[in-house]
Amino acid sequence: MDITNASTATDSSSRAAAAPAPLTLALVVASDREGRFAPVVTDWFRSRLAEREDFTVTVVDLAEVDLPTSLSHDPSPAVRAELAKVTPVLEAADAYVVVTPEYNHSFPASLKNLIDRHYTEWQAKPVGFVSYGGISGGLRAVEQLRQVYAEMHAVTVRDTVSFHHAHGLFDADGRHKDPVAAEGAAKALLDQLGWWGRALKDAKSVRPYGS
């Protein structure tokens, strides 16, 4: 009997059996503006996610959700129906990535509306950012979002993916013209998001957040 091969096979089986289940990732597309560039950036980022086995992805596209800006403790049936499209996804998620443009040095009202309508759904979960815009690449929107998500008791990961002068970076088919740096940034973001996602999920399995 080949003891070395048997041991190697056993070790491989043990590692495979111990592999954690993928984290559930909610990919929030923030822009609902007519003619938005969001689908190009989102599709590119989803192509990066497709190469990973540590996440399963559900997209929350705010252009497909009709939520009024006025908040209420007793939403109408129509508003409840719209929330039913997004709230279960946010609740089930282990982690989030927000794809956001920068509007007037900030982020879209549609995103703030979504955030403000939820609270416990965000708590003790990591949030990553993919931003795009002009010279700033959307980073001013991201810096403001870090403050907002801190109030939600979420953890924002350090590294981001940002596209400066985004319209000039992609070809007519939505392919990045020079993707090496952006792909490296996406990997760093997702590696950090995965670490925080597992760390926080494991911690909450031992002790519920806030207890």
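1. In this predicted model, helix 2 packs against helix 6, residues 180-206, at an angle of about 65 degrees, and their axes lie 10 Å apart. The crossing of helix 2 and helix 6 is right-handed.

2. On the side of helix 2, the contact is made by Trp 44, Phe 45, Arg 48 and Leu 49, while helix 6 contributes Ala 182, Glu 183, Ala 186, Leu 189 and Leu 190. Sorted by class, the contact between the two helices has seven nonpolar and two charged residues, with no polar ones.

3. Helix 6 itself has 27 residues and reaches 40 Å from its first C-alpha to its last, which is close to the 39 Å expected at 1.5 Å a residue. Its buried residues are Ala 182, Ala 186, Leu 189, Leu 190, Leu 193, Gly 194, Gly 197 and Leu 200.

4. Arg 52 deserves a separate look, and it sits in the loop between helix 2 (38-49) and strand 2 (55-61). Is Arg 52 buried or exposed? Arg 52 counts as buried because its relative accessibility is 19%, and the cut-off for buried is under 20%.

5. Apart from neighbours within four places in sequence, Arg 52 is in contact with Lys 187, Leu 190 and Asp 191. With Asp 191 there is also a polar contact of 2.9 Å, which joins the side chains of Arg 52 and Asp 191.

Terms used:
Residues numbered from 1 in each chain as written. Predicted model: local features only at pLDDT ≥ 70, side-chain atom pairs only at ≥ 80, totals over all residues. Heavy atoms only, no water. Helix = DSSP H or I, 4+ residues; strand = E, 2+ residues; numbered from the N terminus. Buried < 20%, exposed > 50% of the residue type's maximum accessible area, 1.4 Å probe, protein only. Polar contact = N/O pair within 3.5 Å; in protein donor to acceptor, adjacent residues only side chain to side chain. Contact = heavy atoms within 4.5 Å. Axes fitted to C-alpha atoms, helices over the stretch in contact; angles between N-to-C directions. Left-handed = near helix turned anticlockwise from the far one by under 90°. Nonpolar A, V, L, I, M, F, W, Y, C, P; charged D, E, K, R; others polar. Expected span 1.5 Å × (residues − 1).
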